[in-house]
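Visitor: I have a model open and a few questions about it. Can we go through it piece by piece?

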Amino acid sequence: KMFMRTSPTISLLLCGFMFIPRVNLQKNESPKIAIVGGGAGGVSSGHFLRELFDKHVQIDLYEDKEIGGRVSSVKFAGQDYESGGSVIHPKNMYMVNMTKMLGLKPRAKAHGILGIYNGEEMDFTGSSFSLVTMAKMFWRYGYDLIRLDTWNTHLLEKFSSIYDHQIAGHAFTSVEKLLESMSQDMRDLLYVSAEKKFKEEGFSERFINELALGALRNNYGQSTDIQAFVCSVSLAGAMPGLWEVHGGNNLVFKQLVKHASINHIHAKVQSVTLTSTNSQSPRYILEGVNRDNVPFKDMYDIVIIATPLHDKISDIKFNGFPKPVSYFPGEYKRTVANFVHGTPNITKFGFDNLNDFPTMLLTANRELYYRSIGKQFPVNWGGDGKAFLPSVWKVFSEEPLTESEFDDLFLSYDQTTMVDWRAYPKYGSTDNIPPFQLAQRLYYVNGIEWAASAMETSVIGGKNVALLAYNQWMGLHGNIDQEVHVKHDKTELDDSQYENLDLISFWVFWVNVKAAILDFPS
């Protein structure tokens, strides 16, 4: 979801070059690596380890379920639909590069109508006519939309610096240090609520309580009292050009496993045991059971944990460590994606014609039992408007919808299913963000989710852990937690810039707003 200007660095990324010091590896010098977890973070760490160590390393990935983790799809009403990580921004450099490398294509775009409902009436309703929507948006939110554009631009320029650092081979042992490498401002966003930060930047109560809250409830199931960094990532999704992979986003990670020659072992890891007393050259034994419940046991030089180490998520035991490795505080928030084949109860929301009903209905009310309602398109949809498509909708909620709740939201329906999972962290205190390194040559990808959970951030975490493991194995300690200096422009929003907008600047801005509205994710 990150938007950046084209730069030499980005051009190099697109070409796939990595200027990282390499050492000619002999076969007997190559580490044996285990990755526990086959989601975005685990698979991407394996991919980047393969690039770093080349062919001289064995990479085993343990995943007893489908590759992709929370980037997944569900079969429903005769079609497959995205049920997890659903959108990619054109400036998500790693996700874009990997899809190009693998020869994957964007799914056809499905334009729609945005609406925001407060529980009693519609705060905002867009239109199928873009000029009407543009006028309505500006009438409702005024210069806050331009503030948002400016805010996103400054934020994403800073975010882009992580790509430069990783190209140069820099790695960080903590999430805080990684964010600080972008700028101190980025790290500071972990320690202030979204509501407070946006008020400081001059955004109106209406914007905060409608657009910001609606986006957060849809993307993270939470409110504007969470840290500002998460909200910033959420609102970056309002930038234009969002897309999905034709055939499903999880194809990226399924094909990446094959492309990187990663050995996918269909098994569940139950314990990680430190066996070597030499702190500089630890060895780890992994034990567990495969799909047939047959026990396995194997030894590794490097272990990467790419599954959340939190209660209700993981039951891995860590044995033999001088300093105990334990689960982290905090919990993952339950999210239920309810899929419905039917017709929405449009009169409940004040509509008479289904064609006027929003294809993405956000909710700006913390007390509602549902978070959003969005029209869905199959992962293999080709954009043919004449082709028959089932009337499928996805309702995000905290709990599975009851029969009476389905009856409340839909006039009629004949089929339902749900995906019930712990989708992302419950954001609150940032005092205990897990580190990237748990012990010598034992790493943890998922700590980055406690800054913000998204496909691109997970891949960035995977790249950071790969670099951390590589640098430590090769003795490149100068590339770890090194202070990097990046010059950024002023980030505070100055109201005077809005007072002097000429008509041409205003029109250029609204071209972008128009694209953002039409591309709003469902």
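Visitor: Start with S30. Which residues does S30 touch, leaving out those up to four places away in sequence?
Guide: This is a predicted model. In it, S30 touches H56, V57, D301 and W473, with residues up to four places away in sequence left out.

Visitor: Where is the place of S30?
Guide: S30 is in the loop between α1 (8-15) and β1 (32-36).

Visitor: Buried or exposed?
Guide: S30 has 17% relative accessibility, so it counts as buried; the cut-off for buried is under 20%.

Visitor: What lies 2.2 Å from a polar atom of its side chain?
Guide: The backbone oxygen of H56 lies 2.2 Å from a polar atom of the S30 side chain.

Visitor: Now the strands. How many bridges join β1 to β11?
Guide: Four, and β1 and β11 run parallel. I33 has I302 as its bridge partner in β11.

Visitor: And β11 to β19, how many there?
Guide: Three bridges join β11 to strand β19 (residues 442-444), and these strands also run parallel. I304 stands opposite Y443 in β19.

Visitor: Which residues cover the two faces of β11?
Guide: β11 is residues 302-305. I302 and I304 are on one side, V303 and I305 are on the other, and all are buried.

Visitor: Change of topic: helices. Where is the kink in α10 centred?
Guide: On L213; the kink in α10 (residues 205-220) is about 30°.

Visitor: Why is α10 largely enclosed by the rest of the structure?
Guide: Because twelve of its 16 residues are buried. Among them are F207, I208, L211, L213 and Y220, and also E210, R217 and N218.

Visitor: What comes just after α10?
Guide: G221, which takes a positive phi of about 65°.

Visitor: Last topic, the nonpolar core. How many residues does the largest one have?
Guide: The largest nonpolar core has 110 residues, and those with the most contacts inside it are Y220, F229 and F253. Helix α14 (residues 455-474) supplies the largest share of this core, ten residues.

Visitor: What does F229 touch?
Guide: Residues up to four places away in sequence aside, F229 touches F159, L179, M186, L189, L190, A451 and A452.

Visitor: Which residues does the second core include?
Guide: That core is separate and has 23 residues, including I305, L309, F321 and L438. I305 also came up above, as one of the buried residues of β11.

Notes: Residues are numbered from 1 along each chain as its sequence is written. This is a predicted model: local features need pLDDT of at least 70, side-chain atom pairs count only at pLDDT 80 or more; totals for chains, interfaces and linings use all residues. Side-chain values use heavy atoms; hydrogens and water are left out. A nonpolar core is a set of buried Ala, Val, Leu, Ile, Met, Phe, Trp, Tyr and Cys residues joined through side-chain atoms within 4.5 Å. Buried means under 20% relative accessible area, exposed over 50%, partly exposed in between (1.4 Å probe, protein chains only). Contact means heavy atoms within 4.5 Å. The bend at a residue is the angle between axes fitted to the seven residues ending there and the seven starting there. A polar contact is a pair of N or O atoms within 3.5 Å; within protein, one must be able to donate a hydrogen and the other to accept it, and residues adjacent in sequence count only if both atoms are side-chain atoms. Two strands pair if DSSP finds at least two bridges between them.
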